[in-house]
Structure formats: C-alpha cells, structure tokens
Amino acid sequence: MRKDFRYSTTIVYNTFPLPSLSQAQRETLEQHGWQIISAREMHPGKDIAWLYDPDIMPSNLRDAHRALDEFLERIYIGRSFKNDSERREHLLKLYAEMASVKEKEVASA
C-alpha cells in the first residue's frame, strides 16, 4: 500500500472543514480556480511537476494561487493567517467542532 495521500469522495477533500459559503463566495472561488487553470495553460507542454516546482514555479501561477489562498483565508478568519501554525490550529478547531456535531447527530439518531 502506498503512503501518499489518497483522494476519494470521503477522504481528504470532503472531510476538510469548510465554512458555509454564500453564492457570491462560491462564484469568486470558482473564478480563482479558473484563473489558476488559465495560468497553467500559459505554459503549454509543462507538466504539473514542473509547474509546481518551488524553485521555478511561474510567477503568474504562484500569484493566482496566492490570490485564492488570501480570499479563502478571509472567508475563514477575515484576514490572512499569520503563519502555518495559526492556520493549522484554526482548521483543527473547526474539524473538532464538525466532528462534535456529527457525534451528536449519531447519538440522537
């Protein structure tokens, strides 16, 4: 069995604690996603490994990801996180809250 991340509809993506989003926020997130795709397409023939190599990542792709990150972080806490530790603590707190709600739902069923 491999030891890298495995993605499915129930692992990683869907268990990530995401606040409720307004329609406007959903649309803006989608626009950011398309900007990332557009930035990738500006480098035809380059594979994902090349595009995301931290030493040579194209600045337009890095900027598109940074804009998405900043928007998403404002959804979470109204500003950018100070550092990875603050981000991790906040996400783990949200995950614990989400798990607690699920436990209560199961217990009351």
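A residue counts as buried under 20% relative accessible area, as exposed over 50%, and as partly exposed in between. Asp 63, at 44% relative accessibility, is therefore partly exposed. The model is a predicted one.

Asp 63 forms a salt bridge with Arg 66, with the closest N and O atoms 3.4 Å apart. Both residues lie in helix H3, three residues apart, about one turn of the helix. Arg 66 is also partly exposed, because its relative accessibility is 42%.

Helix H3 (59-77) is what the buried residues of H1 pack against. These buried residues are Leu 29, His 32, Ile 36 and Ala 39. They fall within an arc of 75° when seen down the axis of H1, so they line one face of the helix. On the other side of H1, Gln 23, Trp 34 and Glu 41 are exposed. The 19 residues of H1 (residues 23-41) should span 27 Å at 1.5 Å a residue, and the end C-alpha atoms are 27 Å apart, which agrees.

Trp 50 belongs to helix H2 (residues 48-51). With a relative accessible area of 28%, Trp 50 is partly exposed. Leaving aside residues up to four places away in sequence, Trp 50 touches His 43, Ile 56 and Pro 58.

The structure holds four salt bridges. One of them joins Glu 86 to Arg 79, the closest N and O atoms being 2.6 Å apart. Glu 86 counts as buried at 19% relative accessibility, whereas Arg 79, at 35%, counts as partly exposed. Another salt bridge links the side chains of Arg 87 and Asp 84 (2.4 Å, N to O). Arg 87 and Asp 84 are three residues apart in helix H4 (residues 84-108), so about one helical turn separates them. Salt bridges that share partners join Glu 73, Asp 84 and Arg 87 into one network.

Note on methods:
Residues are numbered from 1 along each chain as its sequence is written. This is a predicted model: local features need pLDDT of at least 70, side-chain atom pairs count only at pLDDT 80 or more; totals for chains, interfaces and linings use all residues. Side-chain values use heavy atoms; hydrogens and water are left out. Helices (H or I, at least four residues) and strands (E, at least two) are DSSP runs, numbered from the N terminus. The expected span of a helix is 1.5 Å times one less than its number of residues. Buried means under 20% relative accessible area, exposed over 50%, partly exposed in between (1.4 Å probe, protein chains only). The arc is that of the directions from the helix axis to the C-beta atoms. Contact means heavy atoms within 4.5 Å.
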